[in-house]
Amino acid sequence: MEADVTIEVNGKKHMLRVDPATPLLYVLRNQLELNGPKYGCGLEQCGSCMVLMDGVAMPSCRVPVESMQGRAITTLEGLTRADGALHPVQQAFVNEQAAQCGYCLNGMVISAVALLQANKKPDEAAIREGLQRVLCRCSVQPRVIRAVQRAAGTLQ
Amino acid sequence: MKSTPFNPELSRRKFINSLGCLTIGFSLTSTPWASAEPLLAEEKLPGSLQKHPRIDAWLEVLGDGRVRVLTGKMELGQGLRIAIAQVAAEELDLEVEQVEVHLAETGRTPNEGYTAGSGSMENTAMSVRYAAAAARQALLELAAKQWDVSTDRLSMASGRVLWDASKEPLTFAELLNGAQLEQEVKLPVRLKARSEYRYVGKPILRKDIEQMVRAQPFYVQDLRFPGMVHARVVRPPAYEAKLLEFNESTFQAKVPGLLKVVKNGSFLGLITTDEYQAVQGQLLAREHVRWSTPKPLPQGQPLINYLKKLPTSSRTVKEKGAVEVLDKPTKSTWKAEYFKPYQMHGSIGPSCSVALYDGQVLHVWTHTQGVFPLRDALSKMLGMKPESLHVIGVPGSGCYGHNGADDVAADAALLALAYPNKPVRLQWSREEEHAWEPYGSAMWMAAEANLDASGRITHWRYGLWSDSHSTRPGGNAGNLLAARYLEKSFERPSSGYSGGAYRNSEPYYAIPNLKVDSHFFEGPLRVSALRSLGAYGNIFAIESFMDELAHRAQKDPIEFRLMHSEDERSMEVLKKLQEVLRPEKLNANEGIGVAFSRYKNVASYCAVAAKVAVDKKTGDVRLLKMWAVIDAGEVINPDGVKNQTEGGMVQAASWTLKEEVLFDKQHVSSRDWYSYPIFRCGEVPEVEVVVIDRPNEEPLGAGEAAQGPAAAAVVNAIYRACGKRVRHLPVKAAYLK
């Protein structure tokens with residue numbers, strides 16, 4: 001069942017011996033010990049497990065790890081600069097205190113980063129659309145929207 | 001991970017002994033702050049402190065001069081830790097960064113029961129305030145003795161006591177010389193003067209949000225121990241289904257990495273090396289297992305009709321004057337009936353726990369709201385002494401009440417006992433959390449009232465019908481899901497805490513003749529505490545009804561509420577809301593609705609407004625904006641109060657507009673986010689919260705104050721927008737067309 005699979009995560013290549021059908025999320029969390037992407041539904045409905053796949057925000061909870069070969073995956077961890085400085089989106093979430101429990105924060109930050117790469121000046125409707133896949137039960141979306149607006153300002 | 005039995009209590013004693021433990025007795029004489037008169041608290045100690053009066057139950061001075069605050073409460077995303085750190089740093093003149101907050105852990109922290117009911121500020125933050133103030137006095141005394149100087153010549157800064165420039169300051173750790181402050185906090189306690197506050201009342205940033213954005217290990221889901229194995233539980237198809245047959249040998253052959261199958265009565269679990277193996281095993285097991293078919297759940301009629309036929313036990317919550325006149329309705333009598341369905345907590349991260357049995361002690365890492373009550377319930381379920389259980393609180397995904405947190409811990413405990421010496425991690429699936437969590441009970445409410453010629457309410461009669469709003473473990477094994485399926489099974493207690501159902505059932509208005517009755521039924525679904533308990537349903541009904549009465553009395557809804565208010569603080573939040581709404585303009589098809597309550601009738605005051613647009617062709621409701629004005633007494637962290645109030649009202653709006661747990665004849669059919677939709681980003685309104693700070697009043701929790709008023713504000717706004725009165729939740733487009 002197991003096979004060698006090579007994936008590139010946060011700029012580093014990893015050769016892993018895994019069941020190639022394993023959803024990417026489990027490999028990121030358990031083999032690579034990353035905490036950013038989170039298990040929320042395993043159904044691609046809630047966005048807790050978002051990662052950037054070649055710069056596009058995608059859920060990682062169903063996609064088999066073998067299909068990720070040759071693609072560049074970035075997780076929440078990979079957004080922080082090597083010197084430890086936060087990405088402007090991460091920093092904006094801290095400044096706006098855009099979290100309560102924080103479980104959705106990974107999906108929100110990843111989605112916002114992808115959005116701001118594609119659209120440097122999103123209006124509020126575009127921000128809402130960009131965050132639509134990510135559920136937040138604490139209901140901090142108004143703060144998240146403010147954080148994305150702030151980050152957009154910083155990035156310009 | 002320790003391979004030897006680990007007893008935190010013993011290791012702590014050992015730690016202190018090795019430093020040469022001193023028992024130091026202090027006299028808590030007065031040492032005022034230099035410039036301002038301190039507050040002398042002499043009436044009574046906060047609740048949790050009365051039970052755990054020793055300073056070192058709450059505070060430990062660390063070797064590096066920082067202070068560790070021990071709390072029996074949990075961080076649920078409400079920002080508990082920053083509020084506690086602010087209070088401790090304030091009294092001890094520390095930097096906030098110098099305060100570490102240790103969350104609930106058996107054998108380590110005070111037993112503060114559950115983190116629930118918005119009680120953490122009143123109890124815990126105040127206990128910490130008093131303990132820190134007492135610690136301050138004690139530390140000043142020690143320094144005074146060492147320098148042979150009067151305490152009033154000393155000051156404190158950043159974990160050090162200072163005298164004059166010629167003397168090297170003494171750190172807290174130096175003063176204690178390896179000991180902790182073991183004496184009890186006694187009245188009177190000298191508290192810092194409010195005019196001297198540096199942190200309390202200010203929006204200090206939460207430190208944990210940076211940990212979150214950095215993806216540091218934070219949640220119980222992030223725990224990784226060497227040798228950790230993964231588990232899943234195979235749930236029955238229905239609440240009462242019994243395991244008849246499990247074909248273990250054919251199952252075993254098909255699951256790679258399978259380490260153990262645990263079967264105990266109808267409880268069936270599996271343990272594997274890798275997590276994905278457990279996920280696959282859980283699915284595959286369904287093909288190898290046969291369950292009994294229990295009595296079907298009620299079908300074929302609206303839920304409210306079914307609930308109305310259930311037997312009830314009743315009690316009168318409040319009776320004042322006489323309301324029999326309502327038996328003979330007149331033109332000035334108004335009656336209405338309201339309904340709220342079962343609603344779920346809907347945590348975004350399904351419940352998770354790690355457990356390890358080392359041969360002597362069972363360690364359980366859990367995001368429960370109460371490590372001590374969970375320990376006691378586990379102790380009964382497992383037949384183990386409480387001392388053999390070590391329950392450690394670790395944050396999880398937001399819970400908003402009693403979700404699957406305790407249940408998954410019980411599952412993990414059972415599996416770890418059957419597979420000793422390995423940390424067993426159990427992650428519930430989305431489907432398990434949706435289909436097995438205990439929901440907020442469906443309720444129906446009936447209200448009737450008479451108005452006099454001036455539009456004043458003269459008579460009020462109100463009844464509510466509900467299942468329990470708390471079946472927390474509370475030391476009772478039968479409230480743990482797994483316990484009902486064990487070979488030696490525990491009965492689900494027949495009647496839970498019915499008190500939660502009539503929370504806020506008495507209107508917080510001046511009404512001369514009034515009667516409130518609460519009727520308890522046992523409904524078809526598993527139920528427990530959901531944020532604000534019965535207050536959501538009761539305030540939805542009462543504040544909708546107030547709006548209906550205001551309309552009949554031809555009064556402005558805020559004026560109508562003011563007319564019936566006697567409490568100045570109620571009036572102030574209502575007037576402030578009125579002021580905030582004044583510039584608001586409405587388009588056609590738009591409406592603004594308001595509502596008010598004082599949570600539990602003794603806690604925070606909260607007035608909420610909602611602005612909606614209703615499309616009369618489709619019946620679609622767009623929630624444009626929500627406002628709240630909240631008076632939570634003394635505010636420790638205004639941004640914390642705002643965040644809780646914003647989140648609470650938007651969550652309650654999602655409950656109100658969208659949510660309803662559905663079931664078929666077998667079991668709950670709301671099993672994912674398509675079958676149980678909640679607000680997505682595009683549906684979330686703009687929000688604005690005004691916090692009224694009352695520094696001289698008791699601090700009150702703010703986490704649940706908005707739930708009820710938000711519901712009523714939304715339906716009242718719909719009425720103003722389109723003239724349709726929604727009395728049956730959730731709001732359905734078909735009714736508004």
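In this predicted model, B:Arg160 stands opposite B:Thr171, a residue of strand 7 of chain B. Strand 6, residues 160–162, and strand 7 of chain B are joined by 2 bridges and run antiparallel. These two belong to an open sheet of 3 strands in chain B, ordered 5-6-7, with antiparallel pairing. Strand 5 (155–157) and strand 7 (170–171) of chain B are at the edges; each has a single partner strand, so one side of each has no neighbour in the sheet.

In the loop between helix 4 and strand 5 of chain B we find B:Asp148. The phi of B:Asp148 is near 55°, which is a positive value in a residue other than glycine. Most residues other than glycine have a negative phi, and most peptide bonds are trans.

The bond from B:Leu187 to B:Pro188 is cis, with omega near 0°, and B:Pro188 sits in the loop between helix 5 (172–176) and strand 8 (189–191) of chain B. Another cis peptide bond joins B:Leu729 and B:Pro730, where omega is about -5°. B:Pro730 belongs to the loop between helix 17 (707–722) and helix 18 (733–736) of chain B.

Next, the packing of two helices. Helix 10 (residues 371–382) and helix 11 (residues 405–418) of chain B pack with their axes 11 Å apart, at an angle of about 45°. That angle makes helix 10 of chain B oblique to helix 11 of chain B, and their crossing is right-handed. Helix 10 of chain B contributes B:Leu374, B:Leu378, B:Met381 and B:Leu382, which meet residues of helix 11 of chain B including B:Asp406, B:Ala409 and B:Leu417. The residues of this contact divide into 9 nonpolar, no polar and 1 charged.

Finally, the aromatic residues. How many aromatic pairs does the structure hold over all chains? There are 14. One of the pairs is formed by B:Phe225 and B:Trp365, with 4.7 Å from centre to centre and 45° between the planes, a tilted arrangement. This pair links distant parts of the chain, 140 residues apart: B:Phe225 is in the loop between helix 6 (208–213) and strand 9 (229–233) of chain B, while B:Trp365 is in strand 17 (residues 362–366) of chain B.

Terms used. Residues are numbered from 1 along each chain as its sequence is written. Chains are lettered from A and ligands numbered from 1 in the order in which they are written. This is a predicted model: local features need pLDDT of at least 70, side-chain atom pairs count only at pLDDT 80 or more; totals for chains, interfaces and linings use all residues. Side-chain values use heavy atoms; hydrogens and water are left out. Axes are lines fitted to C-alpha atoms, for helices over the stretch in contact, and angles run from 0 to 180 degrees between N-to-C directions. Helices (H or I, at least four residues) and strands (E, at least two) are DSSP runs, numbered from the N terminus. Angles under 35 degrees count as roughly parallel, over 145 as roughly antiparallel, 65 to 115 as roughly perpendicular and the rest as oblique. A crossing is left-handed if the near helix is turned anticlockwise from the far one by less than a right angle, and right-handed if clockwise. Contact means heavy atoms within 4.5 Å. Ala, Val, Leu, Ile, Met, Phe, Trp, Tyr, Cys and Pro count as nonpolar, Asp, Glu, Lys and Arg as charged, and the others, Gly among them, as polar. Two strands pair if DSSP finds at least two bridges between them. Rings of Phe, Tyr and Trp (its six-membered ring) pair if their centres lie within 6.5 Å; planes under 30 degrees apart count as stacked, over 60 as edge-to-face and the rest as tilted.
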